[in-house]
Amino acid sequence: MRETTFVPETEIQRQRGIMEIVRAMADRPHTYYIVSMGCQMNERDSETVAGMLTEMGMTAAPAREQADLILYNTCCVRENAENKALGNVIWLKELKKDRPELKICVGGCMTQEKGMAEAMKRNYPFIDLIYGTHNLYRFPEYLWRVLTEGRPVVEVEQTDGEVVEGLPEKRRSTFKSFVNIMYGCDNFCTYCIVPYVRGRERSRRPEAILDEAKRLQDAGVKEITLLGQNVNSYMGGGAAFADLLYRLDALGIERIRFMTSHPKDLSDELIGAYATLEHLMPHLHLPVQAGNDDILRRMNRHYDRARYLDVVDRLRAARPDIGLTTDIIVGFPGETAEQFEQTMDLVDRVRYDSAYTFIYSPRTGTAAAKMPDDTPMEEKSRRIQRLIDRQLQITKEILEGMVGRTETVLVESVSARDGSMMGGRTPRAIMVNFPGTPALIGRFVKVRITSAGKNTLRGEMVANQGE
């Protein structure tokens with residue numbers, strides 16, 4: 001395991017000092033708007049940036065058009081995510097013509113991609129600040145330079161990254177929170193750009209994670225989700241991640257979740273934790289990507305079909321009520337019809353609660369982008385539609401099997417479709433909609449499941465919440 005390096009506390013104090021300087025500036029931006037794209041790691045980074053902007057005296061604007069500073073936290077896992085980000089940035093060019101004082105900032109994984117920052121500087125000179133994932137902690141310094149130098153700032157560090165503690169944060173929710181436990185990835189799956197833009201694996205100290213979790217608990221947070229590109233390799237892998245879960249469970253936080261897990265590193269100790277820990281929720285996102293051994297080998301996944309199915313069997317033996325979700329790539333370079341059928345068979349055997357399915361999209365800079373791919377897009381589209389249809393049928397069958405049960409639901413929001421309905425998740429992370437009022441948001445309620453939809457449940461609160 002590569003030794004983790006930490007940003008010195010003196011540097012964090014320096015950045016906090018710059019935040020105070022910006023706060024005192026009369027001509028600084030007074031409102032901000034953050035657009036967060038991509039994964040939960042990006043969402044958590046956006047909370048950090050929001051915390052720093054708040055420390056600099058700014059408040060969140062209700063819409064982009066009303067903000068003095070607009071920041072895009074970008075994703076580049078798939079090429080369409082990158083194109084979407086660039087399309088949004090181009091839209092801001094017209095906005096800045098009308099409001100030249102507007103500050104535009106772009107950060108995240110896309111800017112960390114090799115050569116991207118220079119290309120953006122050349123093609124989008126109206127952007128005021130471009131920074132990378134590894135130097136997010138220096139955002140206050142870069143913004144101060146933008147405000148005092150009157151010219152664009154481009155700062156992207158090509159390093160393996162460091163662990164940063166002690167930055168401000170502005171959480172999006174008062175009752176559920178993300179907690180980073182590690183950063184980066186050492187797996188180098190042949191289709192994936194993440195190790196090149198997020199750096200190599202580095203883990204936070206357990207004590208720092210426990211302190212953060214305790215602060216959140218004291219503030220009323222009821223659910224935490226631990227984040228990492230591969231949480232199973234926390235502190236080098238083995239029992240370390242399970243040990244962290246045991247220590248977090250002892251705090252008494254009501255719900256603990258985590259993502260994402262790599263099957264090759266899922267330890268016996270973690271499986272045992274599912275059988276033992278009271279607050280660890282019965283849900284696991286376990287990306288399989290494909291059901292054929294040759295495809296898995298060319299993806300550089302370091303497990304085979306038999307290993308994956310064995311892990312699934314042992315998880316269900318330890319926690320019979322566990323719900324599994326997954327990621328699947330269809331049409332990986334060279335995938336034959338027979339190999340795809342093995343993926344369909346694996347989906348039938350595992351019976352996931354849901355699956356995120358994608359047609360393979362080549363990413364420049366990855367090994368798979370150079371692999372020959374002679375499968376027509378029409379055939380790939382046909383395959384993925386078959387997969388989606390089958391998974392929808394499995395999901396429907398699983399949800400229908402829950403009708404009549406009483407589930408404990410953490411209420412999250414008003415339903416987007418019906419303002420008289422509330423939405424929340426079961427321990428298995430399945431969404432339930434039921435009649436209620438916004439006063440329930442952030443509370444646990446007992447809900448009796450009355451019907452199943454396409455991928456959600458419907459229910460009604462039980463009269464006696466002690467049931």
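This is a predicted model: local features need pLDDT of at least 70, side-chain atom pairs count only at pLDDT 80 or more; totals for chains, interfaces and linings use all residues.
**Close-up views of the model**

View 1. Residues are numbered from 1 along each chain as its sequence is written, and side-chain values use heavy atoms, without hydrogens and water. Strand E1 spans residues 31-36, and strand E3 spans residues 69-74. Five bridges join the two, and they run parallel. Helices (H or I, at least four residues) and strands (E, at least two) are DSSP runs, numbered from the N terminus.

**View 2. Six strands form an open sheet.** Their order is E2-E1-E3-E4-E5-E6, and the pairing is parallel. Strands pair if DSSP finds at least two bridges between them. Which strands stand at the edges? Strand E2 (59-60) and strand E6 (153-155) do. Each has a single partner strand, so one side of each is left without a neighbour in the sheet.

**View 3. Strand E10, helix H9 and strand E11 make a right-handed β-α-β unit.** Right-handed means that, with the strands pointing away from the viewer, the path from the first strand over the helix to the second runs clockwise. Helix H9 covers residues 240-251. Strand E10 (residues 223-227) runs parallel to E11, and five bridges join them. Ile 224 stands opposite Ile 256 in E11. Strand E11 (residues 255-259) is mostly covered, with four of its five residues buried. Buried means under 20% relative accessible area, exposed over 50%, partly exposed in between (1.4 Å probe, protein chains only).

**View 4. A cis peptide bond joins Met 259 and Thr 260.** Its omega is about 5°. Thr 260 lies in the loop between E11 and helix H10 (268-276). Most peptide bonds are trans.

**View 5. Gln 289 has a positive phi, near 70°.** Gln 289 is a residue other than glycine. Its loop runs between strand E12 (283-285) and helix H11 (293-298). Is Gln 289 buried or exposed? Gln 289 is buried, at a relative accessible area of 7%.

**View 6. Asn 300 also has a positive phi, near 65°.** Asn 300, too, is a residue other than glycine. Where is Asn 300? Asn 300 sits in the loop between H11 and H12. Its relative accessibility is 25%, and Asn 300 counts as partly exposed.
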